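Please look over the sequence and the model first.

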Amino acid sequence: MSCSVHKGADAVGAGPGLGPDVNTAGNQTEIAMAYLQDERTDVDIANLNLGELDLTTDEFILDEVDIHIQANLEDDLVKEALKTGVDLRQYSKQVEAELQRIEQASIKDYIKESQNIALLHNQITACDSILERMEGMLSGFQSDLSSISSEIQTLQQQSVSMNVRLKNRQAVRSHLSQLVDELIVPGAMISTILDSPVTEQEFLEQLHELNSKINFAKELSFRETLACSDIQDIVDRLKLKAVSKIREFILQKIYSFRKPMTNYQIPQNTLLKYRFFYQFLLANERTVAKEIRDEYVDTMSKIYYSYFKSYSGRLLKVQYEEVADKDDLMGVEDTAKKGFFSKPSLKSRNTIFTVGQRGAVLSPAELEGPILVPHTAQRGDSRYPYETLFRSQHYALLDNGCREYLFLSDFFMVTGNSALDLFNSIMGKTLSMFLKSMSTYVSDCYDSIAVFLCIHIILRFRAITAKRNIPALDKYWEAVLELLWPRFELILEMNIHSIRHTDPQKLGVLDTRPHYITRRYAEFSSAIVSINQTFPNERTNALLGQLQVEVENFVLKMAAEFPSRRDQLIFLINNYDMMLGVLMERAADDSKEVEGFQQLLLARTQEFIEEILSPPFGGMITFVKEAEALMEKGQLDRLKNEEARITQLVRGFSSTWKQSVESMSQDVMRSFTNFKNGTSIIQGALTQLIQYYHGFHKILNQPTFRSLAVRSELINLHHLMVEVKKHKPNF
């Protein structure tokens, strides 16, 4: 700002004729001039470099002059002046005068504002001093901050060091604290172990604590910690006391099993609540643990053996008195005795070849139902087949065996082969008794259905134990099946042999009704097939196939005993129909046995239909077959001379067909025991008759016979069908 003032003063001094104006400016002007005079001493005018304003200097470059001239000519004002034709010299003077006027106005403005300028100068000076002092303060503050930063770093290093020391001390303290806590034996533990009953929860909790201290003391002894010797004696005494009390408690529970009529499951459940007792003994006193385990094994082995021996013996007392023997086979003559079970007291028992209600033992409700109570059955004078007793006995074994295996695994902490060995040491004697008893029964058993039901009871029980994930009885199930399967196959082979060697002439009076041997087979086969569907066995299916072949051969041998083919067919159809009906009640419709007998029945039925149509309509049937054969060969003219025969056939059919159909229907219904089957045969015969008569019509409509006058006597086919329907039996 001071430089600007100086330049203004220089301009005032340079302008001629300006002095009088300045001196007349008044007080303000005088003050400004005085200020400017004072300031003038601060300016060295001689130092001003005005060389660039010298237009005559030798350093001026003409090229630059040309450029300036050219630039000035481009100016809008110069262009306007040149266009209007203004004299440039005059215009230059005018511009110069204008500039001087403006300069004078500027000087006046500066002089007018001089006081403000001076005040501004003073303020700037004051601000400079203030800023200088602030700069000093900030410099001091910066130095202070530098020193504080170094102090903070020092404090941070000290803090990190103290933190590390604190962590180390805390770690040492935790280890020492744990060690001291483990080494201390509280008075509450001593008093509880010594005085409290073992059944109290507090004793169990303190026993856990004592066990952990024993383990900790063992660990310290390996490290040769000196502090361990201070508590070793107290811990050992407490351990001996705890072992003594636990041993006494568990043995008392085991001895309580031996009391008569005791439900041993209740003390077993009590022992499971205190399973940690045995774990404590096993870890700290193995001899006592072994003593308890051996005592339990010996006690439970005797209990199970005694219970199941008594139960099995009492079950046999409610078995049916009469059982099948070696003569009770499928092919044995039925004339020697009325039935296999003929006593009045055994009325409710099914025959040996019929499953009846015996198959219900395999239903889920009965299979896992309550076991039989022998004395209750005896009081009610009830009797049961062997498979029912077998189911009850083995379900009791399954239930107790599964529970015992789980108890052993839980209480004695054994798994895998160890658990199986322990289980066998308890139940082995009982299982051996079962196998021996079963071997005795099986060796003299000829009731194949009972044996087969027992096999499937075992198969289902094996599936139940597998579902429960209890492998304890797997070997026993296999041993039982190894006893039963061969016996069942042997009995089945004996029945096959008996049918194969049956002499039809020794079976009494011939009868076209179903034979009792085929009925036995049908009942037996349907029973085995229905039972075998759940757990199919190929060996069983093969033996049933052999039995079916022998029965089919037997039926054919029996049929051959009848003198007439008609009676033979009636016998075959009655037997096939009966066997098929019984099989379809129990076996699946697509079973091999059902399909086989369906084919046999269809073939024999078709043959029988031809047989019964032959007497009344044989002439027409023979003619139709003969004529159809000649028609296929194109030789129908060979029958051109058979007019008399044709006339006889037409008039004979028209006069006798109603009576013949009625007689045939009555004869069929008398011949077959199954009305439904008889009805089906009659329908088949009438259908076949209509087909033959239709063929007869067709032949007589051929050109060879169109000229025959007897054609007019033929019965209308539609009318015949309506009349035949009237003879259809309704049942």
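In which hand does H23 pass H24? The crossing is left-handed, the near helix being turned anticlockwise from the far one by less than a right angle. This is a predicted model, where local features need pLDDT of at least 70, side-chain atom pairs count only at pLDDT 80 or more, and totals for chains, interfaces and linings use all residues. Residues are numbered from 1 along each chain as its sequence is written, and side-chain values use heavy atoms, with hydrogens and water left out.

**H23 and H24**
- Helix H23 spans residues 592–633 and helix H24 residues 643–671; their axes come within 10 Å and cross at roughly 165°.
- H23 is therefore roughly antiparallel to H24 (an angle over 145 degrees).
- Contact means heavy atoms within 4.5 Å. Among the H23 residues that meet H24 are Phe608, Phe617 and Phe623. The H24 side includes Phe653, Trp657 and Met664.
- The contact residues divide into 14 nonpolar, three polar and two charged.

**H26**
- Leu720, Glu723 and Val724 are the buried residues (under 20% relative accessible area) of helix H26, residues 717–726.
- Seen down the axis of H26, these residues fall within an arc of 105°, so they line one face of the helix.
- The face turned away from the buried side carries His718, Lys725 and Lys726, which are exposed (over 50%).
- H24 and helix H25 (675–700) are among what covers the buried residues of H26.

**Thr299**
- Thr299 lies in helix H13, residues 286–316.
- Thr299 is buried, with a relative accessible area of 2%.
- Not counting residues up to four places away in sequence, Thr299 touches Ile254, Phe257 and Arg258.

Conventions:
Axes are lines fitted to C-alpha atoms, for helices over the stretch in contact, and angles run from 0 to 180 degrees between N-to-C directions. Helices (H or I, at least four residues) and strands (E, at least two) are DSSP runs, numbered from the N terminus. Angles under 35 degrees count as roughly parallel, over 145 as roughly antiparallel, 65 to 115 as roughly perpendicular and the rest as oblique. Ala, Val, Leu, Ile, Met, Phe, Trp, Tyr, Cys and Pro count as nonpolar, Asp, Glu, Lys and Arg as charged, and the others, Gly among them, as polar. Buried means under 20% relative accessible area, exposed over 50%, partly exposed in between (1.4 Å probe, protein chains only). The arc is that of the directions from the helix axis to the C-beta atoms.
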